Amino acid sequence: MILGSLLFGRPVHAEGTPEESGGGSTPAAAAAEKTSEDIRAGTFGLGLNYPGFGVRYFLTDHYAVEAKGQLEDSIELGGLRVYRYFRPVSRIFLFAGAEGDYVHFKGAVSRGSGAAGEIFGGFEYFILRRVSMQADFGPAYISLVNQDHSASVSGLEYVFNIGFNCYFGGRSAR
Amino acid sequence: MMKAAKSLALILAAFGFGQVSLQAGSLSLGMARAVKNQVNQLDSKVAGAQGISLTARASNLSSSSRVFQPRSTNVFAAPSIYRAALASCQLVKTTSDATPYTIFDSGLANANVITLTGNATGIGQNTSYPPPGTYLYMAVTVLYLEQATMINNFPTAGSSNNNMIFRIYFSTLAPNAKRDILVSLDSGNTWGWIATGAGGGLPWAPSSTKPPIWLTQTGGLNTTGWVTGQGGGQLYFQSPLDPITFLVPLATPLVIPQNPTGQWVLSMNFDTSQSLGWTDNNGDGKLDSGDPFWAEQPAITITAVNQ
C-alpha cells in the first residue's frame with residue numbers, strides 16, 4: 001500500500017507550487033526547481049557507483065533505466081535498473097526501483113554464474129545542477145551455481161549502494 | 001529535509017526494513033560485495049564437499065533438433081527433448097563387482113526423471129567416499145528413455161510435421177513392461193502402443209531386424225540378445241533381464257586413494273545426435289508408413305574430476 005502510493009504518487013515535475021517542492025523563494029528551492037527542469041525525459045546520465053559504473057536514460061520525466069556494471073574480486077556483474085522518481089524535495093530526488101543482474105564469478109574454489117535481483121529505494125542529492133550523489137538501499141536475492149553444477153547457493157542480502165551521477169542532454173531549462 | 005527523511009523512512013518501511021530480521025542476509029556496500037558474500041558461501045560448500053557427485057547433460061540437442069541427416073538409405077532425427085528416467089547409478093570396479101558404490105538408488109517406482117539439456121544438471125550425490133580402489137564402470141539402471149522428435153509425414157495425423165514423443169521402457173514398471181515402445185502425439189498426455197497393423201494403433205511396425213541397440217552391456221547382454229515378440233497384437237522387443245542395468249565405461253578410471261579429499265564430480269553426457277533412425281524405403285526423407293524404424297544408441301561418456 002505504502003509502496004504503491006509512493007510509486008504512483010505525484011510526479012517529479014508536478015504542477016506543484018514552489019512551496020510543495022521544498023520552499024518558496026529560498027536558494028535551495030530555486031536550485032531544486034532548476035534541477036528538476038534539467039532532469040527530464042531524454043536526459044542521459046553517466047554514473048560511478050561502488051564498485052562500477054552505469055549509464056542512465058530518462059524515458060519519461062519520472063522513469064529512468066540504467067545499464068550498470070560492477071567488478072570486484074573476480075566478480076563481474078552486469079544488469080539493468082529501472083527507476084521511478086518522485087517529486088524533488090529541496091535538492092533531493094527520491095526514487096524507488098528494481099534491478100536485475102547477470103553474475104559471473106570466480107571464488108577460491110568455485111566458479112560459475114548466476115543472477116541477482118533487488119528492489120530498492122533511495123535518493124539523489126544534487127550538489128550541482130547536473131551533478132548528484134546517490135544512495136539507495138534494498139533487499140537483494142542472489143542465486144549462484146558452480147560451473148559443474150555440483151553445488152549452488154542462493155540467499156537474501158541487503159545492499160547499500162552509493163554513487164555519483166553527471167547528467168547531459170534532455171530538455172532545456174525553461 | 002525532514003520531509004525527505006520521512007519519505008525515505010516510508011520507502012524503507014515499504015521494503016520491510018525494520019520488520020525483517022537482518023539475520024536473513026548481511027548488509028553489503030554494492031551488489032558486487034553482496035555477490036561476494038554468496039560466493040564465499042559457495043566456496044565453503046564446494047570446499048567442504050566430499051564424496052561423489054553426479055551430473056548429466058546432453059549434447060547435439062539444439063544443433064541437430066528437427067534436422068534429418070541422410071546416411072545411405074537410413075535417416076536419423078535428433079530429438080528436441082530428451083529425458084532419461086534412471087532408477088540408480090553405481091560405481092563398480094569390475095563387471096562382476098559384488099559390492100558396488102551407490103551414488104543414488106531411488107528405485108524404479110521413484111526413478112529420477114532427468115530432462116537433459118546442454119547444461120549439466122546435478123542428479124545424485126553420495127557424501128561418503130567409495131572404498132579405495134580403481135573404478136572402471138558406472139552401472140546405470142534405466143527405467144525408460146524418452147525423446148520428442150519432429151517427424152515429417154506422420155501417417156495418422158494427416159499433417160506434414162508432427163512432434164512425436166517416444167518412450168522406450170527398459171525395465172518393467174506396471175503397466176509398462178520392459179522393451180515397451182510407446183508413442184504420444186499430444187505432448188505425453190496419452191500414450192499408445194506401436195502396433196503391427198490396422199486396429200492395433202499406428203500403422204508402423206518396429207523393425208524386426210534393427211532392435212534398439214542403445215548401450216552395450218558389458219559381459220552380458222548385447223544387441224544380439226534382443227528379440228522381438230508378439231503379445232496382445234503388439235510387436236515388442238524383449239530382453240531376458242529386468243530391470244536392465246547397463247555398465248558404462250568411465251572415460252578414465254576413477255582412482256580413489258586411501259585418504260580421499262574433496263569431491264569427485266562425475267559428468268555424464270548423452271550425445272543424442274542420432275537417437276531415432278529409420279530406413280527410408282522410398283527415399284523421400286520422411287518417415288512413411290511401413291518404414292522400419294529403431295532407436296539409435298545415444299553415445300554416453302562419463303568423466304570424473306576431483307575438486
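**Chain A**

Biologist: Among contacts in chain A between residues at least 6 apart in sequence, what percentage join residues at least 24 apart?
Modeller: This is a predicted model, in which local features need pLDDT of at least 70 and side-chain atom pairs count only at pLDDT 80 or more, while totals for chains, interfaces and linings use all residues. Residues are numbered from 1 along each chain as its sequence is written, and chains are lettered from A and ligands numbered from 1 in the order in which they are written. A contact means two C-beta atoms, placed from the backbone, within 7 Å. Of the contacts in chain A between residues at least 6 apart, the percentage joining residues at least 24 apart is 48%.

Biologist: In what order do the elements of chain A run from the N terminus on?
Modeller: Helices (H or I, at least four residues) and strands (E, at least two) are DSSP runs, numbered from the N terminus. Chain A has two helices and eight strands. From the N terminus on, the order is α-α-β-β-β-β-β-β-β-β.

Biologist: How many residues lie between E3(A) and E4(A) in their hairpin?
Modeller: Strands pair if DSSP finds at least two bridges between them. E2(A) (residues 52–58) and E3(A) (residues 63–72) are antiparallel over seven bridges, with A:Arg56 bridged to A:Glu66, and four residues separate these two strands in a hairpin. E3(A) also runs antiparallel to E4(A) (residues 75–85), over ten bridges, and A:Lys68 has A:Gly79 as its bridge partner. In this E3(A)–E4(A) hairpin, A:Asp73 in the turn has a positive phi of about 50°, and the number of residues between the strands is two.

Biologist: Why is A:Leu48 counted as partly exposed?
Modeller: A residue is buried with 20 or more other C-beta atoms within 10 Å of its own, exposed with 12 or fewer, and partly exposed in between, the C-beta atoms being placed from the backbone. A:Leu48 is found in strand E1 (residues 43–49) of chain A and touches A:Phe53, A:Gly163 and A:Phe164, leaving out residues up to four places away in sequence. A:Leu48 counts as partly exposed because its C-beta neighbours inside 10 Å number 14.

**Where the chains meet**

Biologist: Which element gives the largest share of the side of chain B that touches chain A?
Modeller: 46 residues of chain B are in contact with 49 residues of chain A. H1, E1, H2, E2, E8 and E16 of chain B each supply at least two residues of the side of chain B that touches chain A. The largest share, 16 residues, comes from H2(B).

Biologist: How many residues of the side of chain B that touches chain A are nonpolar?
Modeller: Ala, Val, Leu, Ile, Met, Phe, Trp, Tyr, Cys and Pro count as nonpolar, Asp, Glu, Lys and Arg as charged, and the others, Gly among them, as polar. On the side of chain B that touches chain A, 17 residues are polar, five are charged, and the nonpolar ones number 24.

Biologist: In E1(B), which residue is the bridge partner of A:Phe160?
Modeller: Strand E8 (residues 152–169) of chain A pairs with E1(B) in the parallel sense over three bridges. A:Phe160 has as its bridge partner in E1(B) the residue B:Leu29.

**Chain B**

Biologist: Which are the edge strands of the open sheet in chain B?
Modeller: The open sheet of four strands has the order E8-E2-E16-E19, with mixed pairing. E16(B) and E19(B) run antiparallel over eight bridges, and B:Val265 stands opposite B:Val305 in E19(B). The strands that pair on one side only, and thus form the edges, are E8 and E19.

Biologist: Which residues touch the most other members of the largest nonpolar core?
Modeller: A nonpolar core is a set of buried Ala, Val, Leu, Ile, Met, Phe, Trp, Tyr and Cys residues joined through C-beta atoms within 7 Å. The residues with the most contacts to other members, out of 39 in the largest core, are B:Leu86, B:Val142 and B:Leu143.

Biologist: Which element gives the largest share of this core?
Modeller: Elements that give two or more residues to this core include E2, E5 and E6 of chain B. Nine residues, the largest share, come from E9(B).
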